[in-house]
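Welcome, and thanks for taking a look at this one with us.

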Amino acid sequence: MTPDGAAPRRHLRVVGELPGPRSRALRERELPHLAPGAQAIATYAGIAVDRGEGSDVVDVDGNRFLDVAAGIGVAALGYAHPRFVREVGEQLARTHIGSFTTEARVRALESVCSLLPSGLDQVQLYSGGTEAVESALRLARAFTGKFEVLSFWGGFHGKTSGALAQMGSDFKHGLGPLAPGALLSPYADCARCPFKLQHPSCGLLCVEFARDKLVKESTGSLAAIIVEPMQGTAGNLVPPREFLPAVAELARERGALLIADEMITGFGRTGRTFAVEHTGVRPDIMTLGKALAGGYPASAVATRHEIASAKPWSKPSFSSSSYGGNPLASAAVAASIGIIRDEGLVGRARDVGARLLGGLRRLEAKHASVRHVRGEGLLLGFDLVEPKTGAAWATDRCRALFDAALRRGLITMAYAPRVRINPPLVLRDDEADEAIDILDAALAEVGASA
Ligand SMILES: Cc1ncc(COP(=O)(O)O)c(C=O)c1O
């Protein structure tokens with residue numbers, strides 16, 4: 001039902017072939033100049049976007065798509081939120097550049113700090129997620145005087161060289177040598193446990209393995225452990241509740257800082273303001289982005305005063321950047337957090353997320369290829385497998401599902417066998433139901449039931 005109790009509103013979403021003629025014409029002008037390697041979802045969809053409204057994206061041919069990818073978790077407020085447009089627009093008209101104190105930055109910092117776990121009250125602002133991760137790594141090294149960092153398989157932290165070294169995926173293939181001191185260990189990805197064990201009888205062997213690894217591989221110079229409290233890029237994975245506390249304990253034992261990378265999980269996505277709140281773990285440093293500024297490119301490092309004071313990070317111009325915390329970015333941060341708070345979007349993520357999760361479970365019961373439905377709040381996912389062998393779907397099968405959903409007006413991340421669903425936090429109940437209906441029809445079309 002819609003919030004006012006009205007009947008679900010369904011409209012014709014796709015009016016012609018995809019991509020439509022205007023999209024194709026724009027893409028033909030763009031492609032000679034756009035370097036390869038752009039986001040897969042945009043490359044595969046091939047549409048040119050005209051505007052967005054709420055959870056909908058409208059292309060230049062008049063096709064209207066319900067977007068459950070949301071710029072990979074960035075569009076937390078959806079598109080063209082009136083308050084966001086107004087507050088950011090007003091700031092643009094006044095001043096948008098520079099690092100002087102502005103009322104916008106004061107409001108942004110106060111807003112972020114009002115939400116942070118207790119003890120974290122120092123924030124430095126940046127533009128992109130990977131930039132914040134790099135800064136967090138520099139800060140951990142500055143504070144501890146050590147250099148090694150432990151991270152986890154499947155973890156995604158960004159594509160600059162320090163972050164890349166900590167990535168447990170093929171993003172770094174061919175790009176070595178990377179920063180020394182990177183140690184990686186398996187995450188609690190229990191559906192695919194590399195030790196072939198079952199939780200809870202495994203006793204969290206993954207954390208024991210990391211402990212052992214540090215004994216055998218570390219030079220005794222561990223500065224930090226960086227971890228996504230729930231892994232986004234790896235497939236919106238939710239580890240068992242005891243995983244993060246056990247990782248925090250490991251960091252404490254080694255005198256290392258715990259960095260929680262909440263870039264994708266922060267600001268309500270998982271049905272709590274931050275994903276660490278599901279476990280009570282209090283990290284030493286948090287990295288923030290995406291929903292932080294409602295999609296405006298802004299990111300942040302948050303930490304305690306004693307850590308932020310570490311030199312050289314704390315010396316004038318050492319933790320700053322050209323755009324970080326500029327008045328426009330700051331206005332976007334303050335607007336985004338204000339909207340998330342005033343519209344109760346954390347609770348909304350919890351409620352509509354539960355509804356969507358229920359829908360995905362119904363799809364799992366109906367379609368044999370849908371497995372491992374999972375998630376918290378609006379960080380949801382499922383796997384596409386061949387029912388007889390359990391093997392992940394091949395790329396062309398996933399692409400067929402992605403296309404079938406797109407033709408019905410749903411933008412998904414179904415182009416890979418670990419499907420991630422992370423819609424705007426403003427998603428309505430009727431839109432959640434519509435997304436499930438479209439996925440159901442698309443799965444049937446590509447023969448996922450047998
Ligand atoms: C957990 C996490 N950390 C860091 C990043 C890097 O952010 P950016 O793409 O803004 O550099 C991402 C991006 O998806 C992310 O999900």
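## Two helices side by side

Helices α8 and α9 are roughly parallel to each other, because the angle between them falls under 35 degrees. This is a predicted model, and in it α8 (residues 205–217) packs against α9 at an angle of about 15°, with the two axes 10 Å apart. The crossing of α8 past α9 is right-handed.

Which residues make the contact between α8 and α9? From α8 come Val 207, Ala 210 and Arg 211, and from α9 come Phe 243, Ala 246, Val 247 and Leu 250.

## A closer look at Leu 250

Leu 250 sits in helix α9. Is Leu 250 buried or exposed? Leu 250 has 20 C-beta neighbours inside 10 Å, and 20 or more are needed, so Leu 250 counts as buried.

Leaving aside residues up to four places away in sequence, Leu 250 touches Val 207, Ala 210, Arg 211 and Ile 225. Glu 434, on the other hand, lies 44 Å from Leu 250, C-alpha to C-alpha, and the two are 184 residues apart in sequence.

## Strand β8 and its neighbours

Let's follow the chain onward. It crosses from β7 to β8 by way of helix α9 (residues 243–253), in a right-handed β-α-β crossover. Strands β7 (residues 222–227) and β8 run parallel and are joined by four bridges.

How enclosed is β8, and why? Five of the five residues of this strand (residues 257–261) are buried, so β8 is largely enclosed by the rest of the structure. Both of its faces are covered: Leu 257, Ile 259 and Asp 261 are buried on one side, and Leu 258 and Ala 260 are buried on the other.

## A four-stranded open sheet

Now for another set of strands. Four of them make an open sheet with mixed pairing, in the order β1-β2-β3-β13. The edges are taken by β1 (49–53) and β13 (410–411); each has a single partner strand, so one side of each is left without a neighbour in the sheet.

Key. Residues are numbered from 1 along each chain as its sequence is written. This is a predicted model: local features need pLDDT of at least 70, side-chain atom pairs count only at pLDDT 80 or more; totals for chains, interfaces and linings use all residues. A residue is buried if 20 or more other C-beta atoms lie within 10 Å of its own, exposed if 12 or fewer, and partly exposed in between; C-beta atoms are placed from the backbone. Two strands pair if DSSP finds at least two bridges between them. A crossover is right-handed if, with the strands pointing away from the viewer, the path from the first strand over the helix to the second runs clockwise. Axes are lines fitted to C-alpha atoms, for helices over the stretch in contact, and angles run from 0 to 180 degrees between N-to-C directions. Angles under 35 degrees count as roughly parallel, over 145 as roughly antiparallel, 65 to 115 as roughly perpendicular and the rest as oblique. A crossing is left-handed if the near helix is turned anticlockwise from the far one by less than a right angle, and right-handed if clockwise. Two residues are in contact if their C-beta atoms, placed from the backbone, lie within 7 Å.
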